[in-house]
Amino acid sequence: MRLVIDTSQVTFTVGREAQPKTDQNGIQRVERSTNVPMWTVQLVAMDRSGAEVISVTVAAAQAPKVTTGTVVTPVELQAIPWAQNGRNGVAFRAIDIKAVSGSKTSANSAS
């Protein structure tokens, strides 16, 4: 089951820029249905209760163009619960990750 997350009360900041999502052999993973490469972006999610670091996967031909410290919006962020070999957790996936207008990256590019 995929659950779409309401992000309207959360601020996201890039903690680590996009990296290729790789398998155990170091080969970049691709989306099964489209064969599009997958990328992982580390985000710091902050709301009134505190902060949490999450890794968000995006399938795209090119890595999302966001830099560390930039305030961003994950587009259609989903939480995907998983369980495997006695372990479980939540994976996060988005269609895209976009810099928020007026954030660090946008302000630097305007100079």
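Strand 4 and strand 7 run parallel and are joined by 3 bridges; strands here are DSSP runs (E, at least two residues), numbered from the N terminus, and two strands count as paired if DSSP finds at least two bridges between them. In this pairing, T57 has R93 of strand 7 as its bridge partner. The model is a predicted one, in which local features need pLDDT of at least 70 and side-chain atom pairs count only at pLDDT 80 or more, while totals for chains, interfaces and linings use all residues. Residues are numbered from 1 along each chain as its sequence is written, and side-chain values use heavy atoms, with hydrogens and water left out.

Strand 7 also pairs with strand 6 (residues 78-84), here in the antiparallel sense and through 7 bridges. Within this pair, P81 stands opposite V90 of strand 7. The two strands form a hairpin with 2 residues between them, and N85 in the turn has a positive phi of about 50°.

These pairings belong to an open sheet of 8 strands with mixed pairing, whose order is 1-6-7-4-3-2-5-8. Its edge strands are strand 1 (3-4) and strand 8 (96-99), each of which pairs on one side only. In general, strands of a sheet pair through backbone hydrogen bonds, either parallel or antiparallel.

Further along the sheet, strand 2 (residues 11-20) runs antiparallel to strand 3 (residues 38-47), with 7 bridges between them. Q19 has T40 in strand 3 as its bridge partner. Strand 2 also pairs with strand 5 in the antiparallel sense, over 2 bridges, and there the bridge partner of T13 is V71. Strand 5 in turn pairs with strand 8, again antiparallel, over 4 bridges; V75 stands opposite D96 in strand 8.

Buried means under 20% relative accessible area, exposed over 50%, and partly exposed in between, with a 1.4 Å probe and protein chains only.

Leaving aside residues up to four places away in sequence, V56 touches W39, T40, V41, L43, L77, F92, R93, A94 and I97, where contact means heavy atoms within 4.5 Å.

T13, in strand 2, counts as buried because its relative accessible area is 17%. Beyond four places in sequence, T13 touches Q42, L43, V44, M46, G69, T70 and V71. T7 lies in the loop between strand 1 and strand 2 and is likewise classed as buried, because its relative accessible area is 19%. With residues up to four places away in sequence not counted, T7 touches F12 and L77. The C-alpha atoms of T7 and A60, 53 residues apart along the chain, are separated by 21 Å.
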